[in-house]
Amino acid sequence: MDIALQLWSVHKLAQNDFCGTVQAVAEHGWNGVEFAGFGDLTSEEMADLLSQNGLYAVGAHCDMAIFEESLVETLSYLKKVGARYMIIPAAPCDTIEDVQKIVSVLNFAAPIAKQYGIKVGYHNHASEFKKLDEKYILDIIAEQTADDVVIELDVFWVKYAGVDPYEYIQKLGKKVELVHLKQIAKDEKSDALLSDGILDMRDIVQTAKYATHFIVEQEGDFPELESSKKNAEYVREIFNR
């Protein structure tokens, strides 16, 4: 099983040297990446960069404005670099009207993305575990989007919101095609390296039986390349990669 790295984990370095940062990530032992921006590279340049470093592209985080204003162009780019998913990483969701907009954008994009061999989806933070109409916001998104719209579940934010991530993965079932393996510290509020927190990543992976990809994302005040290397080592250790 390959586990990819969300490149937001190294975004500060990537801002100054995208290609060098991607090369470093590959040298740490990651096999795949999820984009949080394209470093101003053309699709041809990006495809070459991935190929040269033995990496595959899981997908990309794209703001909802991109879904609304440059959907086809972005889908074309993602197809050319071999990516399979285009994910909204966050969006306003304070009101039922906000949530309905998310649902509408995803349902509109899904059949278009399918023509490019790509699925669209939504990535949660803690705010999606507030309730509207007596339901979690993320439940509403999962229930009202088309079957081929996926949820990328970030287990850190599930736990941060006071929800059991193992039970919630089971609750959403086949909707959870992507999982962010992001670790939470003992205080249940702070980020931690994969090896240092309270979530059992083996159990997360085993519970998410419908997931196609697991993606590590490191946030918090950690040296980016050092944390990438340590997390890659931990992944190799616990999953015998």
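At 1% relative accessibility, Lys182 counts as buried, and Lys182 belongs to a network of salt bridges with shared partners that also takes in Asp154, Glu217 and Glu219. The structure is a predicted model, and its salt bridges number nine. Three of these pairs are described below, grouped by the elements that they link.

- The side chains of Lys182 and Glu219 form a salt bridge with an N to O distance of 2.7 Å.

- Lys119 and Glu177 make a salt bridge in which the closest N and O atoms are 2.6 Å apart.
- Lys119 is partly exposed, at a relative accessible area of 30%, whereas Glu177 is buried, at 11%.
- Glu177 counts as buried because its 11% relative accessible area falls under the 20% limit.

**Helix to helix: Lys101 and Glu68**
- A salt bridge joins Lys101 to Glu68, with 3.7 Å between the closest N and O atoms.
- The pair bridges helix H6 (residues 96-114), which holds Lys101, and helix H4 (residues 64-69), which holds Glu68; the two residues are 33 residues apart.
- Lys101 is partly exposed at 41% relative accessibility, and Glu68 is partly exposed at 44%.

Conventions
Residues are numbered from 1 along each chain as its sequence is written. This is a predicted model: local features need pLDDT of at least 70, side-chain atom pairs count only at pLDDT 80 or more; totals for chains, interfaces and linings use all residues. Side-chain values use heavy atoms; hydrogens and water are left out. A salt bridge is a side-chain nitrogen of Lys or Arg within 4 Å of a carboxyl oxygen of Asp or Glu. Helices (H or I, at least four residues) and strands (E, at least two) are DSSP runs, numbered from the N terminus. Buried means under 20% relative accessible area, exposed over 50%, partly exposed in between (1.4 Å probe, protein chains only).
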